[in-house]
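Okay everyone, thanks for coming. Let me put the structure up on the screen, and then we'll walk through a few parts of it together.

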Amino acid sequence: MKKIFFVALALVMLVCVSSASADVVIAFSQIGQESDWRTANTDDLRHAIENHPGWKLVYDDGQQKQENQIKALRNFITQDVDYILFTGVVSTGWDEVLKEVNEAEIPLLLIDRIPDCADKIDYVAAFGGDFVEEGRRQVAWAGEYLKSIGKGDTDVNIVIMEGTTGASAQTGRTEGNLKALKEYPHLKLVGQQSGNFTRAEGQAVMESWLKSIDKIDVLIAQNDDMALGAIDAIKAAGKVPGKDIIIVGCDSVKAAFDSIVAGEMNCTVECTPLYGKFVVPTIEALIRGEKFDKTVVHPEEGVFDMNGGIDLGTVKSIKAADVIATRQY
Ligand code: GZL
């Protein structure tokens, strides 16, 4: 009799243990590996999810191709995962596949780049940068910096190096760049071209601009990787980056801080890739049955430069050298 009792007890415990360790499967369709920002974003989310007790990550690297991401999303549906994290390489062309995710009743979390169809699909939460404000801050920093060195009334030539064409980070930052240019009439736009968010393409675009544009005074690069590529080209052309050409990046990755401290870059506008601290508590809350509305949560973000103290209205710049040791990406 005793034996039957202990066998039954062991079976019950086995069932409890297996149900307690039953994985929550979270699938993540990531854009690719185009920049330091993207790598930091991937590393942060993978670490946060893979180190959460009872959670399992299904990860897909889209390698910058929309068709790869669409295939991955359909695979996630077939695998009947519990949650899907999604950021799209471009803003359009997701309606059909995201409706399939909705029909499969898999809760969808939008991170980073929010698709244009967001108002037509269901999603349970969204986190992303305020790209228009980031773009505004880039140009406003250049305008305010020039004023601070007595050149506020001097006509200067500015070029804008855009991110991946059609990505919301590109369209948003360009909108912010152009809106801010109207506030600084002495900033004359003489070049606008995509560097696709990569260092190599940023270098190539700057190389071509240095050959075709007589004088460039300011570069607005919509991410730090392109700014660093442009710096390589500027140095190869025998000019002094940060002095002959003022350089404003975006993301605030570690390499940008190093470049500002070295005097080669002037400013970087922050766009945090660290979404783990948003995604983990949100999924924990969703598991508890809590609901969120469709508001896109924008993280608090700063601006970092050579000397600090540049007032941009919504934020004042901070001296990069003062905080470089505290940076997490
Ligand atoms: C911004 C993100 C952008 C970064 C780039 O949230 O989508 O994509 O600014 C990255 O560095 O490639």
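Before we start, one term: when I say contact, I mean heavy atoms within 4.5 Å. Also, keep in mind that this is a predicted model.

Let's begin with helix 3, residues 66–78. Which of its residues are buried? They are Asn 68, Gln 69, Ile 70, Ala 72, Leu 73 and Phe 76. And what covers them? The cover includes strand 1 (24–30), strand 2 (55–61), strand 3 (83–86) and helix 4 (95–103).

Helix 3 has 13 residues, and at 1.5 Å a residue it should span 18 Å; the end C-alpha atoms sit 19 Å apart, which agrees. Just past the end of helix 3, look at Asp 80, which has a positive phi of about 50 degrees.

Now over to helix 5, residues 131–148, where you'll find Arg 136. Its side chain makes a polar contact with the side chain of Glu 133, at 2.8 Å. If we leave aside neighbours within four places in sequence, Arg 136 is also in contact with Gly 176, Asn 177, Ala 180, Leu 312 and Thr 314.

Last stop, the largest pocket, with a volume of about 190 Å³. It has 13 lining residues, and nearest its centre are Ile 114, Gly 129, Phe 131, Ser 168 and Gly 172. Which helix gives the largest share of the lining? That's helix 6, with 3 residues. By type, the lining splits into 4 nonpolar, 5 polar and 4 charged residues.

Terms used:
Residues are numbered from 1 along each chain as its sequence is written. This is a predicted model: local features need pLDDT of at least 70, side-chain atom pairs count only at pLDDT 80 or more; totals for chains, interfaces and linings use all residues. Side-chain values use heavy atoms; hydrogens and water are left out. Helices (H or I, at least four residues) and strands (E, at least two) are DSSP runs, numbered from the N terminus. The expected span of a helix is 1.5 Å times one less than its number of residues. Buried means under 20% relative accessible area, exposed over 50%, partly exposed in between (1.4 Å probe, protein chains only). A polar contact is a pair of N or O atoms within 3.5 Å; within protein, one must be able to donate a hydrogen and the other to accept it, and residues adjacent in sequence count only if both atoms are side-chain atoms. On a 1 Å grid over the protein atoms alone, a cavity is a set of points where a 1.4 Å probe fits but cannot get out, and a pocket is an open set with protein on both sides within 12 Å along at least five of seven lines; lining residues have an atom within 4 Å of a point. Grid points are joined across faces, edges and corners, and a volume is the space filled by probe spheres set on the points. Ala, Val, Leu, Ile, Met, Phe, Trp, Tyr, Cys and Pro count as nonpolar, Asp, Glu, Lys and Arg as charged, and the others, Gly among them, as polar.
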